[in-house]
Amino acid sequence: MYKIMTAGPVQVRENVLAARSIPCTNPDQDVEFYEFYKETCDLFSEALHTESRAIIMGGEGILGLEAACASLTEPGDRVLVIDNGIFGKGFADFVKIYGGEPVLYTTDYKNPVDPAGLEAYLEKDSDFRYATLVHCDTPSGVINDIPALTNILDKFGILSVVDSVAGMFGQPLDCAKSKIDILCGGSQKALSAPPGLTMVWVSQRAFDFMEHRKTPIASFYANIMTFKDYYENKWFPYTMPISDITGLRQALDNFMADDSVYDRHAKIAAATRYALVKGGLSLYLESGYSNTVTVLEVPEGITDKEILEGMMQDYNIMISGCFDVLAGKVIRIGHMGENANAEDVAATLAALQGTLEKHGIKVACDLAKEFKNTYENGAA
Ligand SMILES: *Cc1c(COP(=O)(O)O)cnc(C)c1O
């Protein structure tokens, strides 16, 4: 077994694994399951302090992104795809599949989207049905200012779809100050359940919009409206993956019981960056660093593959490489959810240092020691 310090999935706590193995009922017929499901959804809204209604869908995080686009896109609709990262740009594919016309608003991948820049762009062209944007774009680790950006979109009458799969439950997201119509999350990132479930939070405005579409939603599995009246009708569109959901609920209970989650993520992330920079390594971003993942450039003289394989073989620790335009250029340490603890991050940094040094690459300080010092006492 590797210690998975990847950018998601992350480590899963014992009590979540145990919750997944409790005896199952028939979730279609057992009224108690409808109560449990609804209570869990309500708790998800409470956890993010939002009025939006949470829905748990059976499918990995990508399902939420596709479901948002399937449910909001009508053929011929122009959709603004805010692209300052690989996941950001990826929304264009879902828009196209459902007959929409994606219009890319592309900005520099090394920094967050500048709200003033978006506003200036919309002054010239704001004829969009909705816009898509990403909270934490995991391949680069960049964090976007969701309250500022969604309020600007709202000012121009544009609905918003926000992917916070790799942000929520690790990186604070102020839903009350934002104008999010469909918020997308997944089980396997900071919430620290195994992969397999999507959560979406849907605003009343989005429900009204879907209700009054001119054309039917061109999907069944990705149609958010199929869940609208499940509780009143005691009818799910498909049999819910009950064991995944009991595990998810335990992970949510774990989050709710720990009031230091956000603070710990911020401290771990800051100490990780401090140690890496002091060691002479280069962070990929110039600004907008996430609390959930740290992305660093692959140093000269070694490949991403050599780092990942070396850390697995010699230390049993798995971190992430990257894909698309960042393939081979960066490696990523996921310090979200269960991974956000000082011991595991220190072990990961020690393994990274050992692997780099084995390939003759000099590191200017003891990464693990510098990390721990900074974590405990703040940056020098
Ligand atoms: C992980 C993630 C998803 C879900 O995608 P998978 O790569 O299939 O797990 C969606 N959006 C973001 C930003 C993610 O980090």
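Over the ring of which residue does the charged end of Lys267 sit? I looked it up: the ring belongs to Tyr375, and the charged end lies 4.9 Å from its centre. My rule for a charge over a ring was NZ of Lys or CZ of Arg within 6 Å of the ring centre and within 35 degrees of the ring normal.

**Ground rules.** I am working with a predicted model, where local features need pLDDT of at least 70, side-chain atom pairs count only at pLDDT 80 or more, and totals for chains, interfaces and linings use all residues. I number residues from 1 along each chain as its sequence is written, and side-chain values use heavy atoms, with hydrogens and water left out.

**Domains.** I found the protein chain divided into domain 1 (14-256) and domain 2 (261-377). These bounds come from an automatic or database domain assignment. The domain centres, taken over C-alpha atoms, are 29 Å apart. I noted 24 residues from domain 1 and 25 residues from domain 2 in the contact. Contact here means heavy atoms within 4.5 Å.

**Cores.** Next I looked up the largest nonpolar core, which has 101 residues. Such a core is a set of buried Ala, Val, Leu, Ile, Met, Phe, Trp, Tyr and Cys residues joined through side-chain atoms within 4.5 Å. Buried means under 20% relative accessible area, exposed over 50%, and partly exposed in between (1.4 Å probe, protein chains only). Tyr37, Phe44 and Phe169 touch the most other members. Domain 1 and domain 2 each supply at least three residues to this core. A second, separate core has 31 residues, including Ala275 and Leu281. I then followed Phe44. Beyond four places in sequence, its contacts include Ala54, Phe169, Trp201 and Leu252.

**Aromatic pairs.** I counted 18 aromatic pairs. Rings of Phe, Tyr and Trp (its six-membered ring) pair if their centres lie within 6.5 Å; planes under 30 degrees apart are stacked, over 60 edge-to-face, and the rest tilted. Phe33 and Tyr37 make a tilted pair, with 6.3 Å between centres and 45 degrees between planes. Both lie in helix H2 (residues 31-47), four residues apart, about one turn of the helix. Helices (H or I, at least four residues) and strands (E, at least two) are DSSP runs, numbered from the N terminus. Phe33 is buried at 4% relative accessible area, and Tyr37 is buried at 0%.

Why do I call the pair of Tyr34 and Phe236 stacked? Because the ring centres are 4.6 Å apart and the planes meet at 5 degrees. Tyr34 lies in helix H2 and Phe236 in the loop between helix H8 (230-233) and helix H9 (242-256), so the pair ties together parts 202 residues apart in sequence. Tyr34 is buried at 1%, and Phe236 is buried at 2%. Ring pairs link both into a cluster that also holds Phe33, Phe36, Tyr37, Tyr230 and Tyr231. I also saw the charged end of Lys234 over the ring of Tyr231, 3.7 Å from its centre.

An unreviewed UniProt entry annotates Lys189 as "modified residue: N6-(pyridoxal phosphate)lysine". UniProt positions are given in the numbering used here, feature names are shortened, and annotations may be inferred rather than shown by experiment. I placed Lys189 in the loop between strand S9 (182-186) and strand S10 (197-202). Is Lys189 buried or exposed? Lys189 counts as buried, at 10% relative accessibility. Leaving out residues up to four places away in sequence, Lys189 touches Ala7, Gly8, Val10, Val165, Ala166 and Met336.
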